[in-house]
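Visitor: I am new to this structure and would like to learn how to read its features one at a time. Could we look at it together?

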Amino acid sequence: MNLLSARGASVPILFSAVRIGDGSRAVAFGRDLRQLSALQQRLLEAQQSLDRDYSRLRHAETRYRMLFQLWSDPVLILDPQAQKVTETNQAADRLLGRTPRRPAGRDFLEIFDPKGREIGRAPAVRRPRHRPRR
């Protein structure tokens with residue numbers, strides 16, 4: 001139950017009543033729930049903030065997916081440790097002869113012919129870094 005304080009503020013109070021004596025009288029005990037109410041309000045605000053953040057993230061992900069799929073250049077996203085293709089866009093699917101339903105996850109080097117695979121497995125040649133003169 002919410003009661004108005006002398007200043008006009010609403011104060012949530014939980015009452016319990018106990019009969020005493022012959023039952024013709026009762027004593028009411030009230031518990032101030034302002035702290036609980038404040039905690040509930042903070043929880044609600046935190047949940048709303050999470051919902052807003054999740055919505056923004058979902059919209060950003062949707063924009064990324066749309067741009068990624070509609071990009072005219074072939075794009076492959078790789079897992080560098082596993083050397084597997086994790087995602088491809090439509091242009092890459094067309095170039096590689098893949099169907100969009102075929103899951104990504106194949107080895108990156110399997111995309112190339114056997115000669116190209118050997119070049120891909122060769123250790124990378126390290127170029128000296130260009131250092132500007134002082």
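Visitor: Which two strands form a hairpin, and how many residues lie between them?
Guide: In this model, which is predicted, the hairpin is formed by β4 and β5, with 4 residues between them. Within the turn, Q83 has a positive phi of about 55 degrees.

Visitor: In what sense do strands β4 and β5 pair, and over how many bridges?
Guide: Strand β4 covers residues 76-79 and strand β5 covers residues 84-88, and the two pair in the antiparallel sense over 4 bridges. To follow the pairing residue by residue, you can begin with D79, which stands opposite K84 in β5. When you look at strands, keep one general idea in mind: in a regular strand the side chains alternate between the two faces of the sheet.

Visitor: Where do these strands belong in the order of the chain?
Guide: Along the sequence the pattern reads β-β-β-α-β-β-α-α, which is made up of 3 helices and 5 strands. The chain has 134 residues, of which 11% count as buried, and its accessible surface comes to about 12200 Å², with 55% of that belonging to carbon and sulfur atoms.

Visitor: How should I read a pair of aromatic rings?
Guide: A pair of this kind is described by two quantities, the distance of the centres and the angle of the planes. A search of the whole structure gives 1 aromatic pair. Here the rings of Y64 and F68 have centres 5.7 Å apart and planes at 20 degrees, so the pair is stacked, since planes under 30 degrees apart count as stacked.

Visitor: How many salt bridges does the structure hold?
Guide: There are 4 salt bridges in the structure. One of them joins the side chains of D53 and R56 at 2.4 Å, N to O, and these residues are separated by about one helical turn because they are 3 residues apart in helix α1. D53 is partly exposed at 36%, while R56, with a relative accessible area of 52%, is exposed.

Visitor: Which residues are linked in a network of salt bridges?
Guide: The network links E61, R65 and E87. Within it, the side chains of R65 and E61 meet at 3.1 Å, N to O, and both of these residues lie in helix α1, 4 residues apart. Another salt bridge brings together the side chains of R34 and D32 at 2.5 Å, where R34 is partly exposed at 47% and D32 is partly exposed at 40%.

Technical notes
Residues numbered from 1 in each chain as written. Predicted model: local features only at pLDDT ≥ 70, side-chain atom pairs only at ≥ 80, totals over all residues. Heavy atoms only, no water. Buried < 20%, exposed > 50% of the residue type's maximum accessible area, 1.4 Å probe, protein only. Areas by Shrake-Rupley, 256 points an atom, 1.4 Å probe, with all protein chains shown as cover. Pairing = 2+ DSSP bridges. Phe/Tyr/Trp six-rings, centres within 6.5 Å; stacked < 30°, edge-to-face > 60°.
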